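Please take a moment with the sequence and the structure shown below. The paragraphs that follow walk through the surface and the helices one step at a time.

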Amino acid sequence: MSRRGQQKAVQGAMSVMGTMGLCIVGYIVGPPLYWHISDLLTAALRSSSSSPSSSSSYCPPCFCDCSSDPLISMENELSNASFLDCMKHEPELSEEIEKSFTHLLSEEVKLKEAEALKSQRRADVALLEAKKMASQFQKEADKCNAGMETCEEARERAAGALEAQRKLSAMWESRARQRGWKEGITSVRAQQTLPS
């Protein structure tokens with residue numbers, strides 16, 4: 001494609017995009033603008049027709065009393081009696097429809113109650129299971145706490161015994177030092193007494 005052909009293609013695409021943009025703006029802004037202008041023109045026509053000098057172009061609304069007779073009369077063989085019967089008020093039929101509607105509503109309420117009972121049962125079972133698991137976890141926690149207490153007591157006893165042993169060792173060491181014991185001498189004698 002030549003450079004001129006490319007420029008024409010770009011210009012064509014730009015014109016198509018511009019046209020599409022204008023159409024979208026017209027689609028969005030058009031209907032509200034149309035109804036606004038239409039209301040203004042109608043109001044202007046009403047105000048000008050209400051003045052006595054101008055001829056009336058506005059007609060007031062008609063009130064008609066239309067009967068329930070069909071617009072087109074058909075012969076008895078061709079007429080649909082059920083269609084004409086729909087226009088009449090039948091107390092028996094409306095009573096039957098009301099009973100049917102009441103029955104349907106009561107059945108729907110019963111179904112909703114049954115559904116609610118099932119959901120309540122499931123919730124109760126889940127709550128019972130949760131209580132069982134919580135009780136089991138509490139028992140395990142109590143066992144763990146008892147074990148921890150036992151371990152803590154044993155640790156305290158061991159710490160007490162260790163402290164007593166240190167005191168006893170310190171006392172014997174101080175007696176030994178008082179009698180002339182030296183640490184280096186003992187290690188030398190120990191090495192000499194060991195067979196090689």
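**A walk along the helices**

Glutamate 92 is exposed, with a relative accessible area of 68%, where buried means under 20% relative accessible area, exposed over 50%, and partly exposed in between, using a 1.4 Å probe and protein chains only. The model is a predicted one, in which local features need pLDDT of at least 70 and side-chain atom pairs count only at pLDDT 80 or more, while totals for chains, interfaces and linings use all residues. Residues are numbered from 1 along each chain as its sequence is written, and side-chain values use heavy atoms, with hydrogens and water left out.

Glutamate 92 has its place in helix α3, which covers residues 91-178. On the surface, Glu92 gathers with Glu95, Glu96 and Glu98 in a patch of negative charge. Patches consist of residues with over 30% relative accessible area and no salt bridge, with like charges joined within 9 Å and nonpolar side chains (Val, Leu, Ile, Met, Phe, Trp, Tyr) joined within 5 Å. Asp and Glu count as negative and Lys and Arg as positive, while His and the chain ends are not counted; the place of a charge is taken as CD of Glu, CG of Asp, NZ of Lys or CZ of Arg.

Turning to the whole chain, the protein has four helices and zero strands, and its pattern along the sequence reads α-α-α-α. Both kinds of element are DSSP runs numbered from the N terminus, helices being H or I with at least four residues and strands being E with at least two. Of the 196 residues in the protein, buried ones make up 1%. The protein exposes about 18600 Å², and carbon and sulfur atoms supply 62% of that area, as computed by the Shrake-Rupley method with a 1.4 Å probe, where for residues only the protein chains shown count as cover.

Helix α1 spans residues 3-49 and contains isoleucine 28, which counts as exposed at 56% relative accessibility. Ile28 belongs to a nonpolar surface patch together with Ile24, Val25, Tyr27, Val29, Leu33, Ile37 and Leu41, and the patch has about 820 Å² of accessible area together. For residues 12-35, an unreviewed UniProt entry lists "transmembrane region"; its positions are given in the numbering used here, feature names are shortened, and annotations may be inferred rather than shown by experiment. In the model, residues 12-35 are 100% helix and 0% strand, with the end C-alpha atoms 34 Å apart.

How many salt bridges does a search of the whole structure find? The search finds three, a salt bridge being a side-chain nitrogen of Lys or Arg within 4 Å of a carboxyl oxygen of Asp or Glu.

One of them joins glutamate 140 to lysine 143, with the closest N and O atoms 4.0 Å apart. Glutamate 140 and lysine 143 are three residues apart in helix α3, so about one helical turn separates them. Glutamate 140 is partly exposed, with a relative accessible area of 44%, whereas lysine 143 counts as exposed at 58% relative accessibility.

Another salt bridge brings together the side chains of glutamate 152 and arginine 155, at 2.7 Å from N to O. Glutamate 152 and arginine 155 also lie in helix α3, three residues apart, or about one turn of the helix. Glutamate 152 is partly exposed at 35% relative accessibility, and arginine 155 is partly exposed with a relative accessible area of 47%.

Further along, arginine 177 forms a salt bridge with glutamate 173, the closest N and O atoms being 2.7 Å apart. Arginine 177 and glutamate 173 are four residues apart in helix α3, about one turn of the helix.
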